[in-house]
Amino acid sequence: MTSDADETTMSRRGLFRAGAAGAAVATGLAAGSGGAAAQYDGWLDDVDNYDGTHDYTGQDEVTVAVGAVDGLKFGPAAILIDPGTTVVWEWTGQGGAHNVVAEDGTFDSGETVSEEGTTFEYTFDDAADGDTFNYLCEPHEAVGMKGAVAVGSVDDDLVTPGGDGGDGSDGGDGRDGGDGGDGSGGDSESAGRDLSANDIGALALGFGFAGALLVPLFYAAHKMASDE
């Protein structure tokens with residue numbers, strides 16, 4: 001048998017989840033209107049491993065894997081370099097035969113190759129700040145084997161190369177592991193109690209601009225659940 005108090009709590013949680021989903025969708029729509037969409041003209045929309053532009057500024061040479069992830073990706077998918085930097089594409093030997101061809105014809109590795117260790121390089125001597133170069137593997141463009149090179153600056157989220165590895169190392173630290181345990185416990189405790197209007201407002205604002213627009217929705221949902 002479920003008490004009225006339990007039903008109210010469940011209702012609140014359900015409304016909160018619905019509101020959170022709405023905020024996430026709104027945030028996604030806002031992001032889609034600028035950033036990578038504006039910088040790369042949707043070129044990377046169907047690229048599964050695209051996670052932002054990896055920042056390699058300050059380096060004279062950058063290596064991009066050909067046949068990364070499932071063998072049908074460039075890794076990283078998008079990079080930021082300085083003018084004059086040399087990009088070296090290196091074949092992993094996975095995913096069959098690939099090539100590297102700029103959409104605008106700036107560079108072209110030629111015939112497809114499958115042998116591991118094959119390299120193709122291009123130096124962006126004539127590129128200026130703000131230039132971008134979209135490229136692809138001709139046989140596998142349809143499955144999202146595409147990449148982009150941005151020069152000097154880019155209107156996109158920047159990813160620090162090796163950042164994922166650093167997070168993994170931190171996770172192995174006993175002290176950090178303890179912090180993680182405390183955080184998980186706190187989340188469990190929060191999930192087990194009712195949310196106040198202030199809690200809902202704070203959570204909504206946590207989604208940024210899109211979340212702020214949805215604060216009235218969160219508050220109305222909370223008030224409706226409280227009245228029940």
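Trainee: What share of the 228 residues is buried?
Mentor: Buried residues make up 33% of the 228 residues in the protein, where buried means under 20% relative accessible area, exposed over 50% and partly exposed in between, with a 1.4 Å probe and protein chains only. This is a predicted model, in which local features need pLDDT of at least 70, side-chain atom pairs count only at pLDDT 80 or more, and totals for chains, interfaces and linings use all residues. Residues are numbered from 1 along each chain as its sequence is written, and side-chain values use heavy atoms, leaving out hydrogens and water.

Trainee: How many salt bridges does the structure hold?
Mentor: The structure holds two, a salt bridge being a side-chain nitrogen of Lys or Arg within 4 Å of a carboxyl oxygen of Asp or Glu. Asp46 and Lys146 form one of them, at 3.0 Å from N to O.

Trainee: Which parts does that pair tie together?
Mentor: Asp46 lies in the loop between helix H2 (36-40) and S1, and Lys146 in strand S9 (residues 146-151), so the pair ties together parts that are 100 residues apart in sequence. Helices (H or I, at least four residues) and strands (E, at least two) are DSSP runs, numbered from the N terminus.

Trainee: Is Lys146 buried or exposed?
Mentor: Lys146 is buried, at 8% relative accessible area, whereas Asp46 is partly exposed, at 36%.

Trainee: Now the sheet: what is the strand order?
Mentor: The open sheet of six strands runs S6-S8-S9-S4-S1-S10, with mixed pairing; two strands pair if DSSP finds at least two bridges between them. Its edge strands are S6 (101-102) and S10 (158-159).

Trainee: In which sense do S1 and S10 pair?
Mentor: They pair in the parallel sense over two bridges, and Thr53 stands opposite Leu158 in S10.
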